[in-house]
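Keep the sequence and the structure in view while reading.

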Amino acid sequence: MSCALQLSVPTRAIESSRKKAGNRARCLQIRCAFTQSNLSEEEDEAGNGRAQSQQHVVLVERYGNGTARRFILDDEWQVQTFDADHDPTKDTRLQGSQFSDTNLSWLPNVVKDFLLPAGFPGSVSDDYLGYMLLQFPTNVTGWICHAITKNLPIFVHQAVGIDSFSGTTAAASAAAIKWVSKDGIGAVGRLFIGGRFGNLFDDDPKQWRMYADFIGSAGSIFDLATQVYPAYFLPLASLGNLSKAVARGLKDPSFRVIQNHFAISGNLGEVAAKEEVWEVSAQLFGLALGILILDTPGLVRLYPVLSLTWLSIRLVHLWLRYQSLSVLQFNTINLKRARILVKSHVLHTSVPGCVDCNKEENILTWEKFMKPQIIFGVPLEDMVGGDTSVFKVKKLIRIYAKEKYILMVNQSAGDFEVFVSFKVGATSLSVLRSVWQVYWLHENRESFDNLFDWLSHSLLVMEDRFDDFIQQLKGAGWNTHQLNLKVPKEISIDEVGPLQ
């Protein structure tokens, strides 16, 4: 059975730069389908006297500026409208970000359209606004430091040999050669980073973005040191330019990955454009503050005070950078996040969600310093400890016959250390399976006396529990189709035939 409701609902036009303000009446026709049994149940409940009214959301009308209006059918078959921001029955999915759209209700729509991508917050990831709000003071402090270091030509010209009283052609030529030399060395640094380490940034953009700021800070320190050691201007300035070029080579690709993470609606171009708005605003504000600092009487000519001021602001800048990167919530699985997820599943038979896992992830830690230590791409001879006896090799190959890798515990190491080599055809899922086995072995070290029995049992346990691990990852919102777990290509094992 179906019924049609004809009603006029006065609605306020949504304030937007693209819509005219004003009030109008819209004729809204809602067709609601109910089965006869549902109607009977409603009548019975009405006859018995319900203590609480039943409300049903008929439809939700969403608008381009991120607001919405809900049409609710109550127990008396009356349709009521609520702004989604004030509706107590609001879907919790609209509150995914810790900086929800309601926090910006005071901001004029013209400003929102200028600063934020169209369709915000639904057109970007939940961590977008939190990251940008922390990025702004980070960039402001960065530009203040830039303004201070750009004041160095007053000192640097004297170090190179140019001042207002010595402007001969020979001196100018020598100075020009020095400037070109240091810039050329910096360009070589960017060339090397892009060509040699281009495969690193997709795996861990947060780490490399943070390292870029550390290296860039070191470059500025070399620039500041030219005043203290003017005789070594060329090597110091060259090292400074090289460091800053390497930092830029790390920064740009890392941030492209972060921008792509924000652009969940395929709006990468707009996300990049809006980032420029935030960046330029921070640049103007930071340069203005830098000028005020440099305009302080006596500061420009007092090198120790100038250096201490730069160092203080730079430390604040690095702290803000770390905080902004900590806000990011990637749903892809790299090796760091894989370790956290696997450890949780092995110990507690559960996995954390994207928010908790990203908070636990240590941005600065190098993989080789993480425990338990896993070394990928190890030659078979090193894996078996130099003992290439037929029995030991055959045993390993048979144990891992169904896997695309071979894993061995290094018994000669003091700490728990594992070697892993991958077979031809291994995938990112093979890497994830090997990590799961490593953590099970690490947590059950005292259970078996025989090494091969220990390895065999771990594979049986993994075979029984790994599917549950994958299902829990999917349920927690992790992207199991894009695993940023690269298989080492230096060494691979090719099985040529069955063992006799």
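In this predicted model, α14 and α15 cross in a right-handed way. Their axes are 9 Å apart, and the two helices pack at an angle of about 120°. An angle of 65 to 115 degrees would count as roughly perpendicular, and one over 145 as roughly antiparallel; α14 and α15 are therefore oblique to each other. Where α14 is in contact with α15, the residues divide into 14 nonpolar, three polar and three charged.

One of the residues in α15, which covers residues 451-475, is Ser458. Ser458 has a relative accessible area of 0%. Because buried means under 20%, Ser458 is buried. Apart from residues up to four places away in sequence, Ser458 touches Gln437, Trp440 and Leu441.

In soluble globular proteins, nonpolar side chains tend to be buried together. Here the largest nonpolar core has 52 residues, and those with the most contacts inside it include Trp436, Leu455, Phe469 and Leu473. At least two residues of this core are supplied by each of α10 (335-348), α11 (354-360), α13 (390-399), β7 (405-409), β8 (417-423), α14 (428-443) and α15. The largest share, eleven residues, comes from α15.

Leaving aside neighbours within four places in sequence, Trp436 is in contact with Val342, His345, Val346, Val461, Met462, Arg465, Phe466 and Phe469.

Conventions:
Residues numbered from 1 in each chain as written. Predicted model: local features only at pLDDT ≥ 70, side-chain atom pairs only at ≥ 80, totals over all residues. Heavy atoms only, no water. Helix = DSSP H or I, 4+ residues; strand = E, 2+ residues; numbered from the N terminus. Buried < 20%, exposed > 50% of the residue type's maximum accessible area, 1.4 Å probe, protein only. Contact = heavy atoms within 4.5 Å. Core = buried A, V, L, I, M, F, W, Y, C linked by side-chain atoms within 4.5 Å. Axes fitted to C-alpha atoms, helices over the stretch in contact; angles between N-to-C directions. Parallel < 35°, antiparallel > 145°, perpendicular 65-115°, else oblique. Left-handed = near helix turned anticlockwise from the far one by under 90°. Nonpolar A, V, L, I, M, F, W, Y, C, P; charged D, E, K, R; others polar.
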